[in-house]
Amino acid sequence: MKEPLLLDGKEVSKSIKGQLKGTIDSLSKEGIVPKLVTILVGDNPSSHTYVQMKANACVRIGMDSKRIFLPTETTTEELLQTIKQLNEDETVHGILLQHPVPSHIDERQAFDMIALEKDVDGVTSHGFGSTAFQLNAYPCCTPAAIMEMIDYYNLEIEGKHAVVIGRSPILGKPVSMMLLNRNATVTISHSRTENLDQIVKQADIVVAAVGKPKFVKGEWLKEGALVLDAGYNKGNIGDCDYDTCYNQAGAITPVPGGIGPVTIAMLLRNTVLAAQQKAVQRTVNHF
Ligand SMILES: Nc1nc(=O)c2c([nH]1)NC[C@@H]1CN(c3ccc(C(=O)N[C@@H](CCC(=O)O)C(=O)O)cc3)C=[N+]21
């Protein structure tokens, strides 16, 4: 049995962060420190871990970050007000509303309140549409991380059959559009899909984005398939059954250490780009 190529998210993330460092340094010479604000509503413990990780990543690379915690009882209206204030705050370059929000909140309305130029998480309807049409917007971070991983290892997309498992607004749907834009033939599957194993069998590329631990089995895979596991389940378990998938795959991302760290790097990159955009505007206004 040939061993699959291990796609190392930590290495990819390190390389991206290395490239960002220079930009951050030159921005800070102009007095601009890229700043990300995260909003967490409620007290989901894994969400706490994630926003903490994002804040730490910002600080480690020389960016500024602020975490806003709102109580579970927060209303949609109150959340919209918080986002509006951040939209108007000149020192804030990026806004991230951590998903999921409590079920009484209208998450779509809240996401769409984020100003497009501060939507470094790529969650607004406008951002999604722009990404789908290959217009100017910050790409959604986990989907962008998946594409970055493919490109770092020079893996082929064009003409390949990609099967995406999951159709969520910030993962399955946008990554499907990105793969399509790179000329993959994309099948989007989901919880109502029949004979999923037979569909996955035809895939050259499998993107697992369902949120069910160890859901994708090795025997479903075509031999040599590229397996990208974007799952983040409790206990750092991916959506793929790693051991059996490892034996069938041609290349595979581990969990942890795969798509996750690259997602954070994409968030940092988008925030730095947003700050850079701000600097350009300032120069233009000066003349
Ligand atoms: N608006 C919004 N945007 C998001 O991007 C978003 C979100 N909501 N809600 C939750 C998911 C989850 N997510 C992860 C990012 C990095 C890791 C990550 O780096 N994980 C490490 C391990 C984590 C650990 O050590 O605890 C790894 O895979 O190696 C995991 C999960 C972003 N999300």
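What distance separates the centres of domain 1 and domain 2, taken over C-alpha atoms? In this predicted model, the domain assignment of the chain gives domain 1 (33–115) and domain 2 (141–256), and their centres lie 28 Å apart when taken over C-alpha atoms.

The shell around the ligand comprises 21 residues, of which His-99, Tyr-232, Pro-256, Gly-260 and Thr-263 come nearest. At least two shell residues are supplied by each of α2 (45–60), β4 (94–97), α6 (141–152) and α10 (259–286). The most are given by α10, with 4 residues.

A further site is taken from the UniProt record, where the annotation "binding site" (unreviewed entry) covers Gly-166, Arg-167 and Ser-168. Arg-167 is located in the loop between β5 (161–165) and α7 (172–181), and the loop between β5 and α7 also holds Ser-168. Arg-167 has 18 C-beta neighbours inside 10 Å and therefore counts as partly exposed. Ser-168 is likewise partly exposed, because 16 other C-beta atoms lie within 10 Å. When residues up to four places away in sequence are not counted, Arg-167 touches Gly-172, Lys-173, Ile-188 and His-190. With neighbours within four places in sequence left aside, Ser-168 is in contact with Lys-173 and Ala-209.

How values were computed:
Residues numbered from 1 in each chain as written. Predicted model: local features only at pLDDT ≥ 70, side-chain atom pairs only at ≥ 80, totals over all residues. Near = placed C-beta within 6 Å. Domains from an automatic or database assignment. UniProt positions renumbered as here; feature names shortened; annotations may be inferred. Buried ≥ 20, exposed ≤ 12 C-beta atoms within 10 Å, placed from the backbone. Contact = placed C-beta atoms within 7 Å.
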